[in-house]
Each structure stands twice: as structure tokens, then as C-alpha cells.
Amino acid sequence: MLVIKAMKQSTLLPHQCESPEPAINALIDEAAQSRGRSELRRALAERRKHRAGTMCSLTRTLALLGALLWALDGAPLAELSGDQDFQLFLHKNLEFTRKIKGDVDALQHAVCETFQLCKEEELLLVRQDLGIPQAPLEQCHRRTFQAEACFSQIRDGLRTYQGSLAAVLKLLPAHAGLVETLQLDAANLSSNIQQQMEDLGLATVTYPTEGPDPLPTFSSSFRHQVGAFFILANFQRFLETAYRALRHLACL
């Protein structure tokens, strides 16, 4: 129905796009031969009108294609975008996600100040050997965006990072309260998404984690520190993508 509607909407564009080019050329030739300025101006005006009409036809074609693509891409989210409860859920959890991002940022600063581990590019060689989990979110990047697939990956990723934060908790006992709050918030946001998916009747999909154990073991205190650094860095990137996905849905 959306495709048909898009096609109907395209018929509202102007259709006066036809004017025979050969006849216009004949007018120009005749005007040139007679050297009549008024006739030549009229003939040139006819040519401009015809070429504008050709552009009009091209514009109509492109508009129709755009409308069809919009209809096809927007179809899976058409019903969700108008649901008031769904919009309330999105705005509430956008604020919740922003709050979690702020807490992760505070812990990143704590790692930087405590262990002088502040720049990711200086630690990339060590990272390769640590096996730090990085929850995927490719379903939230795809052009053919599907809310249930993206929500499923956000939900599962939050659970992964909730477990990984245990490594940060051991490393930063002075910030135990903040880490524990962050773990609880990650669990609550994951539960919120799961509940909303069930309320909307969306299919739940469970994606496999990248490794069998979300919490790696560290052979030295330095590796533990670097591991905590990358757990927080990965979590922050994950939250930024999740936030953009929720904001995208809220703006539909």
C-alpha cells in the first residue's frame, strides 16, 4: 500500500514536459534566415522551455524512484513511529543511555588519572593479545534498518558489558559504587528493551557473542589496566551507536 501511495503522490508533479525539439529547431532556422530578432528570441525561448520540460520529466522520474525507495525502506517502522507508548519509551531511554554514557566517561577519566592510560592508539599492540569483547551493532548501521534486530543487539551487548565491568570493579575499588551503579543501569536498560520488544510483539533474536567468556583473564596488573581501559572504550562506542539508533527511531 505504501508503494501505491508513493506512486499516486508522484502524479501530483507537473506533466507539461513535452515539446517537439524538431519543430523548435525549424523555428530557429527560419528566424535566422529571416534575420528577424523578435522571431529569433521567440524561437530561443521555445527551446529553453522545451529543455526545462525535459528536466521536468527527469525530475518526475527521480521523485518517483525516491518515493518508492522511501516507501520500501520506511515500511517496517511505519506502525512503530506513530505509537505514543513507543515514543515515550524511546525518549525515556535516550535520557537513560545519555546518563550511562556520562558514567562510563567518568570511569575512563579515573583510569586515565590513576594509571596514566589515556590514549587508545598507544595501547593497540597490547590490545591484540587481550581478547577484550566488543559487542557487535552492525544491525543498527544497516540501510535496511530493522528495529527488532537492532534492539536485540543492543540488549545482548548491554548484558555483555555488564559482565565485563567486573574487571573494572576489581581494578578501581575506590570507584566501586559508580561501577556497580553502571552495571545495574546496563541491566535495567537491557530489561527495558526486552520488555518493550515483547509489548510491541517484535521478534526477539539472540546473537552469539564473539567469545565463549565475556570476561578475559589477565596475566599481569598492567594487562588488567589496559583491559579495563578497552572495556570502557568499547562500551562507550557501543553506547554512542545505541544512542544514535534510538534517536533515529524517535525522529521518524
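One caution before I go on. This is a predicted model.

Let me stay with that pair. The crossing of α7 past α9 is left-handed. What sort of residues make this contact? By class, 19 are nonpolar, six are polar and one is charged.

Why do I keep quoting two numbers? Two packed helices are described by the angle between their axes and the distance between the axes.

Next pair: α7 with α8. Here the axes come within 9 Å and cross at roughly 160 degrees. Therefore α7 and α8 are roughly antiparallel too. Again the crossing is left-handed. On the α7 side, the contact residues include F151, I154, L158 and L165. On the α8 side, they include V179, L182, L189 and I193. The class count for this contact is 15 nonpolar, five polar and four charged residues.

Now turn to α5. This helix runs over residues 84-115. Its partner is α8, residues 176-200. The two pack at an angle of about 160 degrees, with axes 10 Å apart. That makes α5 roughly antiparallel to α8. This crossing is left-handed as well. Which residues touch? From α5, among them are F86, F89, F96, I100 and L107. From α8, L178, L182, L189 and I193 are among them. By class, we have 14 nonpolar, six polar and four charged residues.

Look back at the lists for α8. V179, L182, A186, L189 and I193 are among its contact residues with α5. Those five names are also among its contact residues with α7.

A quick check on α5 itself. How far apart should its ends be? It has 32 residues, and at 1.5 Å a residue they should span 46 Å. The end C-alpha atoms are 47 Å apart, so the two values agree. Just after α5 comes Q116, with a positive phi of about 55 degrees.

Last topic: charges. Side chains of opposite charge can pair when their charged atoms come close. In this model, the count comes to nine salt bridges. One example is in α5. There, K99 forms a salt bridge with D103. The closest N and O atoms are 2.9 Å apart. Both residues lie in α5, four residues apart, which is about one turn of the helix. K99 and D103 are also on the list of α5 residues that contact α8.

Methods:
Residues numbered from 1 in each chain as written. Predicted model: local features only at pLDDT ≥ 70, side-chain atom pairs only at ≥ 80, totals over all residues. Heavy atoms only, no water. Axes fitted to C-alpha atoms, helices over the stretch in contact; angles between N-to-C directions. Parallel < 35°, antiparallel > 145°, perpendicular 65-115°, else oblique. Left-handed = near helix turned anticlockwise from the far one by under 90°. Contact = heavy atoms within 4.5 Å. Nonpolar A, V, L, I, M, F, W, Y, C, P; charged D, E, K, R; others polar. Expected span 1.5 Å × (residues − 1). Salt bridge = Lys/Arg side-chain N within 4 Å of Asp/Glu carboxyl O.
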